[in-house]
Amino acid sequence: MVSKIANPTGFLLTYSNTGFFKSTQGDCISPSLFILSAEAFSKGLDILFTAHPDMYYQAQCAVKPSHLSYAVDIIIFTNCKKAGLARLMQFLRRSENMSGHKINYAKSAFIPVKKASLIAQRIKAITGFTMKALPITYLGAPLYKGNRENPFMWS
């Protein structure tokens, strides 16, 4: 649930396996390489957001996540300041070059919580991602802004 956030953006990223570490399902080293690269990516995001705390989205809660990940999907939460987006994209490009895992731009998107067309245009210009609007379904669960008011949403 996302509520009362000032200019936040979430990015859904999906990766494809190309580059230096080409492995296929069934390779005995494949799961280990994936876990190592996913952990390095996660730690890199933690370091980036710790070094630049203005990149965290501003929520009225104690928890400030920078990202969530599941398998090859990553959701990154950030504000939409131009400098922060540029840092994030620089990090993503470096991660692609080092790991060989390429962002699948066709399946990746940004999700602004506030609907401001100028901000959305700026995000699209900086990231190259398409925009999606809330609510969306991710891993079978609805992602939306606000309180759960509709009891049928969970049936």
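Predicted model: local features only at pLDDT ≥ 70, side-chain atom pairs only at ≥ 80, totals over all residues.

**A covered strand and an aromatic pair**

Strand E3, residues 73-79, is mostly covered, with 7 of its 7 residues buried. Buried here means under 20% relative accessible area, against over 50% for exposed and partly exposed in between, with a 1.4 Å probe and protein chains only. Helices (H or I, at least four residues) and strands (E, at least two) are DSSP runs, numbered from the N terminus.

Residues are numbered from 1 along each chain as its sequence is written, and side-chain values use heavy atoms, leaving out hydrogens and water.

In a regular strand, side chains alternate between the two faces of the sheet. In E3, Asp73, Ile75, Phe77 and Asn79 are buried on one side, and Ile74, Ile76 and Thr78 are buried on the other.

Strand E2, residues 67-70, pairs with E3 in the antiparallel sense over 4 bridges; pairing requires at least two DSSP bridges. His67 stands opposite Ile76 in E3. The E2 and E3 hairpin has 2 residues between its strands, and Ala71 takes a positive phi near 55 degrees there.

I turn now to the rings. The structure holds 4 aromatic pairs, that is, rings of Phe, Tyr and Trp (its six-membered ring) with centres within 6.5 Å; planes under 30 degrees apart count as stacked, over 60 as edge-to-face and the rest as tilted. The Phe41 and Phe91 ring centres are 5.3 Å apart with planes at 50 degrees, so this pair is tilted. Because Phe41 lies in helix H1 (residues 30-51) and Phe91 in helix H2 (residues 82-99), the pair ties together parts 50 residues apart in sequence. Phe41 counts as buried at 10% relative accessibility, and Phe91 is buried at 16% relative accessible area.
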